There are 4 protein chains.
Amino acid sequence: MIKVGVFGSTGYTGFELIRLLVGHPQVELSFAASKSNPGVSLASIFPGAPEIVLVDPDEVAVEEADVVFLCLPHSTSAPIALTAIKAGARVIDLSADFRLRDVDVYREWYGVTHPTPELLHDAVYGLTEITRNELKDAHLVANPGCYPTSVLLALYPLVRADAVASPVIVDAKSGVSGAGRKPKPANHFVEVANNLKPYNIGRAHRHLPEMEQVLGWWSDAPPKLVFSPHLIPVPRGLLSTIYVTLKQGWNDTKLRELYSDVYQSEPFVQLLPGGEVATLGHVNYSNRCTIGLTLVDGILIQTSAIDNLLKGASGQAVQNMNAMFGIDETVGLM
Amino acid sequence: MIKVGVFGSTGYTGFELIRLLVGHPQVELSFAASKSNPGVSLASIFPGAPEIVLVDPDEVAVEEADVVFLCLPHSTSAPIALTAIKAGARVIDLSADFRLRDVDVYREWYGVTHPTPELLHDAVYGLTEITRNELKDAHLVANPGCYPTSVLLALYPLVRADAVASPVIVDAKSGVSGAGRKPKPANHFVEVANNLKPYNIGRAHRHLPEMEQVLGWWSDAPPKLVFSPHLIPVPRGLLSTIYVTLKQGWNDTKLRELYSDVYQSEPFVQLLPGGEVATLGHVNYSNRCTIGLTLVDGILIQTSAIDNLLKGASGQAVQNMNAMFGIDETVGLM
Amino acid sequence: MIKVGVFGSTGYTGFELIRLLVGHPQVELSFAASKSNPGVSLASIFPGAPEIVLVDPDEVAVEEADVVFLCLPHSTSAPIALTAIKAGARVIDLSADFRLRDVDVYREWYGVTHPTPELLHDAVYGLTEITRNELKDAHLVANPGCYPTSVLLALYPLVRADAVASPVIVDAKSGVSGAGRKPKPANHFVEVANNLKPYNIGRAHRHLPEMEQVLGWWSDAPPKLVFSPHLIPVPRGLLSTIYVTLKQGWNDTKLRELYSDVYQSEPFVQLLPGGEVATLGHVNYSNRCTIGLTLVDGILIQTSAIDNLLKGASGQAVQNMNAMFGIDETVGLM
Amino acid sequence: MIKVGVFGSTGYTGFELIRLLVGHPQVELSFAASKSNPGVSLASIFPGAPEIVLVDPDEVAVEEADVVFLCLPHSTSAPIALTAIKAGARVIDLSADFRLRDVDVYREWYGVTHPTPELLHDAVYGLTEITRNELKDAHLVANPGCYPTSVLLALYPLVRADAVASPVIVDAKSGVSGAGRKPKPANHFVEVANNLKPYNIGRAHRHLPEMEQVLGWWSDAPPKLVFSPHLIPVPRGLLSTIYVTLKQGWNDTKLRELYSDVYQSEPFVQLLPGGEVATLGHVNYSNRCTIGLTLVDGILIQTSAIDNLLKGASGQAVQNMNAMFGIDETVGLM
């Protein structure tokens with residue numbers, strides 16, 4: 001049994017993660033910590049949740065865990081990661097703290113100096129399908145952002161094949177749980193219902209530098225992105241509609257071969273047949289990323305859907321854990 | 001033209017009221033005040049709202065208004081009502097401050113001592129259809145609560161006819177705008193969507209004493225209420241399903257005659273034909289109260305629907321203003 | 001392994017059932033039949049569903065199944081039940097065909113003559129918590145309706161204890177999947193969103209005779225019901241608010257003891273602490289029935305919530321199968 | 001008073017139109033026709049609608065109307081337009097029948113031969129802000145499609161200024177009323193809620209040739225479009241996010257001047273300040289088109305929002321009527 005601990009248990013990703021861990025046949029939950037609600041049962045916060053008493057994060061025995069998951073705000077997460085690693089635990093961090101490798105970029109986008117720059121060079125970016133070989137021995141895993149997961153899985157084959165001719169346009173739509181559980185005017189039911197809101201469009205969202213950094217790992221001449229997220233009136237689910245101008249010589253057959261080569265044996269990537277598009281219905285409550293490919297006059301339109309709380313956060317975190325501990329990646333996931 | 005001022009312009013009822021007042025052909029808006037957002041345009045808070053610059057409530061010239069509307073929290077409202085009345089303005093108060101006549105009951109349910117008990121005996125309860133004769137000369141109108149409006153209009157004919165045999169059960173369902181615009185966990189989109197929540201059921205909601213007080217005005221032996229509100233995943237709309245055990249001798253024909261006598265010429269009360277039930281669709285974006293009557297084995301099931309922001313708040317406030325100033329009650333309303 | 005077959009795979013209950021069966025560790029799916037879509041993959045109808053090719057119901061080998069589930073319309077279901085039983089399979093019927101024991105009542109409410117009255121006396125009503133002893137040897141199980149499941153589990157202890165003084169009022173609210181997958185004006189998104197609709201209120205819904213029949217099994221003087229269902233804008237979930245006037249002598253302590261005695265070791269009945277009410281959030285995507293008890297001046301207000309597709313249909317069907325085959329009732333369920 | 005008649009009163013656009021016409025101070029409704037529901041009150045179909053008895057379209061006196069509105073399916077509409085024009089009435093057609101000028105393009109996209117090609121050359125395309133001069137004397141007005149209205153108003157200044165460098169990408173999102181009132185699996189509440197669905201993406205939607213035709217009127221070298229509509233879980237509202245690569249020399253200031261010149265005195269076009277984006281909240285229940293402009297590295301991202309039933313259909317139809325009859329365009333609209 002893998003002994004796991006969770007920090008930040010009362011956010012949406014923390015709760016979703018605990019649900020998965022409790023149902024995982026090879027996991028034993030050592031502790032679920034919460035700074036805001038120590039001593040309280042998780043079920044009193046989330047109706048229907050398991051009866052697990054939350055503990056004060058300052059009182060947990062990190063050293064008893066084989067791996068800890070951090071579901072904390074950025075810059076809060078990194079110092080706890082350091083403590084946990086020193087105590088001998090492996091760390092899967094769901095915050096943004098170890099996604100960006102460049103401390104200047106981190107400061108520019110997150111507005112603070114990186115708390116633990118010494119850990120950055122050891123962090124593995126946990127986009128499982130692409131980086132699983134590095135995960136086996138990883139001590140620190142940066143779980144990707146939700147938008148980046150949907151966009152990068154869709155773009156990876158193209159970028160590796162050097163098929164992209166120009167800026168890529170990503171028009172993305174996300175459910176409200178992606179914005180966190182803290183009450184704000186922007187997530188008030190009355191503001192969200194019957195509405196649709198673009199936000200941070202163009203090159204203004206924190207997930208943009210994360211995506212461009214990773215594209216830069218895959219190509220010497222990575223495409224620039226225009227990235228426009230939209231808030232949609234659903235609790236969960238994320239769909240990116242991605243417009244890629246292809247270089248000469250790409251047709252439908254060649255594209256399908258490319259994607260099939262990369263993803264055909266992936267349990268959590270579903271490639272749709274020609275003419276079909278991904279929807280939230282394909283992925284809700286599943287760890288799947290569903291991708292549709294529509295080629296129109298040299299422009300490839302990709303539709304890439306994930307459940308933002310699963311493949312976009314806690315599900316991929318468990319998939320990463322499975323890869324780190326050498327067990328089948330699908331265990332405990334749907 | 002009636003010169004009007006509004007206090008508390010940035011809540012849901014304040015905004016809805018201003019929308020109505022701006023479209024009212026016999027109204028001139030003197031000021032729209034907001035303590036939280038002075039100097040800001042209403043349109044920057046509510047996309048699509050008129051471009052009206054909000055003013056500091058401490059800097060308005062109340063004496064220039066013929067009538068002021070108070071869309072403020074309870075106990076904040078009463079002192080401003082006093083100031084306005086002293087300055088010569090008539091007052092329509094949408095808070096709870098002048099609904100309850102008994103200061104002890106007020107303190108019990110609202111947890112504070114009434115700020116201006118001296119005003120209570122002059123306040124007219126503005127359930128327009130029932131109290132319009134008193135409104136003509138009123139200087140202070142207590143606009144009824146949303147639940148009471150739907151329940152009292154439905155029960156009035158029965159209680160006046162002494163037809164009720166036992167405790168009345170009110171199972172009420174309200175949209176989320178009824179809970180106000182302040183962000184709270186309970187109105188977070190993710191908590192509300194796909195959910196349905198009873199709250200303050202039985203005899204625990206503040207609208208209970210308001211309703212029982214008014215029933216007591218109408219009968220020497222008013223029925224007691226069991227009142228169970230539920231939060232439903234819609235932005236606006238309120239439906240009360242009311243179960244009344246009738247005294248002997250009431251049948252469908254007699255009931256319909258009773259209701260028809262009372263309401264047939266009311267522009268804002270819609271009595272449904274037999275076999276039909278009220279839904280939110282009947283009343284959304286309208287000042288109407290739609291009532292269905294279903295008699296089953298001596299138990300009358302009433303379905304009574306209103307738009308909580310209109311007939312349940314700002315619409316009825318405008319209807320009250322119309323009655324106070326002797327103009328057709330339907331002007332400026334739908 | 002239990003070999004199972006499903007008829008009616010493309011309705012909401014059929015699909016939900018197949019999802020459960022595919023994840024059940026002791027089940028092997030022999031066939032999933034669909035009259036409307038033979039030869040088609042389930043995944044092409046429900047995005048994200050498993051890739052299972054649906055077969056023509058006239059071409060399945062019923063005799064190879066240990067148990068078949070019927071997710072068919074009433075009166076279509078019964079003849080297939082007869083065929084399956086003759087072929088040696090046990091049957092769990094999710095339609096209404098074997099819920100009512102009296103063929104005259106069946107004809108009155110369902111408008112047709114019962115197709116197989118000879119099977120009625122052998123059918124076990126599959127409200128698992130109450131009838132599990134009869135399920136072990138049952139060849140034909142009538143899976144209860146969704147509303148009856150939520151209401152009967154809540155009322156059972158009271159009725160058995162002879163605690164009910166008068167007609168019981170059930171104000172029930174259901175998500176739209178309860179009305180089936182066939183497109184109708186009443187389930188059009190635009191009609192349902194932002195709306196709330198009472199329907200078949202009083203004594204007009206087909207689940208009323210089902211509930212009163214079962215109450216009659218439990219008591220010589222069963223209470224009559226007033227039953228008012230409402231359609232709410234959620235895909236799934238069902239909450240019944242139940243108003244019960246108690247006989248003399250019942251207080252909170254005694255009530256809690258009663259319910260605790262009956263349900264404390266039930267894995268799928270969650271009794272809430274005093275002061276808490278059941279919500280859809282307690283039960284969505286779970287086979288649980290969550291019950292809250294609020295006693296006010298001699299009237300007990302029960303809030304009883306289920307997921308209509310799970311405990312209200314396919315989940316309870318699997319629970320019944322588990323009971324029939326002598327395995328732990330919780331296997332394959334959450 | 002303008003005497004108006006409506007054909008196709010029971011669809012969403014027909015109902016919305018009648019609501020507007022009934023409230024229009026210079027309109028007298030001569031008839032509201034419905035082939036499916038003659039003799040029935042509109043209020044029995046749409047709860048809360050006015051009590052207007054629908055008439056059989058074969059029995060109306062078209063010649064008594066000054067103008068008739070056709071809210072009918074394509075190819076059904078054209079023959080009735082012909083009849084009405086012969087009878088001396090002016091016609092505003094909300095179907096697609098007179099939007100495309102080329103009968104071959106019409107046949108290609110709508111699958112039928114145009115019923116009345118002789119009327120095509122006289123039809124005025126009723127994008128009011130752009131074509132109002134032609135509307136004054138028009139006898140036949142083709143009311144634009146909902147997507148084209150939002151896209152063309154946003155692109156008009158750019159295309160006229162020859163500012164567009166390459167294919168324009170339109171990622172559009174529409175509420176469900178845009179798909180009509182006929183029940184279909186695709187508009188079932190359970191399928192739409194919690195979901196987001198791209199459909200007919202790329203160059204496959206019927207509004208594509210309509211938009212490209214109009215762009216061709218405005219420019220000798222009009223841009224090609226990539227057009228990807230998405231169905232979102234809201235009843236009404238439409239937002240187009242439009243990505244335009246600009247030619248050299250355009251900056252934010254120059255863009256704002258361009259748009260301000262074209263639209264500053266338009267009552268129904270709202271140009272947002274820099275940094276703001278259009279949302280459905282800006283336009284719901286209004287005839288407004290709200291446009292946001294965000295320039296990023298030479299790519300202009302436009303957000304253009306309308307209420308699909310108002311500016312995208314019935315509201316613009318009334319605006320067109322106002323223009324045709326020489327009255328203020330804003331009368332009867334918000």
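1. In this predicted model, chain D and chain A bury about 2,800 Å² between them, and 71% of that area lies on carbon and sulfur atoms. The size of an interface is often given as the accessible area lost when the parts come together. On the level of residues, 35 residues of chain D are in contact with 35 residues of chain A.

2. Across the interface of chain D and chain A, 20 residue pairs are in polar contact.

3. Which strands of chain D each supply at least two residues of the side that touches chain A? They are β7 (168-174), β8 (197-198), β9 (225-231), β10 (238-245), β12 (289-296) and β13 (299-306). The largest share, 4 residues, comes from β7(D). Sorted by class, the side of chain D that touches chain A has 18 nonpolar, 11 polar and 6 charged residues.

4. The same surface serves both copies, since 100% of the contact residues of chain C recur in chain B.

5. Chain D contains an open sheet of 6 strands in the order β2-β1-β3-β4-β6-β5, with parallel pairing. At its edges stand β2 (27-33) and β5 (124-125) of chain D; each has a single partner strand, so one side of each is left without a neighbour in the sheet. Strand β1 (residues 2-7) of chain D pairs with β2(D) in the parallel sense over 6 bridges. In this pairing, Ile2(D) stands opposite Val27(D) in β2(D).

6. In chain C, 7 strands form an open sheet in the order β8-β9-β7-β10-β13-β12-β11, and here the pairing is mixed. Its edge strands are β8 (197-198) and β11 (269-271) of chain C, each of which pairs on one side only.

7. Within the sheet of chain C, how many bridges join strand β7 (residues 168-174) and strand β9 (residues 225-231)? These two strands of chain C pair over 7 bridges, in the parallel sense. Ile169(C) stands opposite Val226(C) in β9(C).

Technical notes
Residues numbered from 1 in each chain as written. Chains lettered and ligands numbered in written order. Predicted model: local features only at pLDDT ≥ 70, side-chain atom pairs only at ≥ 80, totals over all residues. Heavy atoms only, no water. Contact = heavy atoms within 4.5 Å. Buried area = accessible area lost by both parts, 1.4 Å probe. Polar contact = N/O pair within 3.5 Å; in protein donor to acceptor, adjacent residues only side chain to side chain. Nonpolar A, V, L, I, M, F, W, Y, C, P; charged D, E, K, R; others polar. Pairing = 2+ DSSP bridges.
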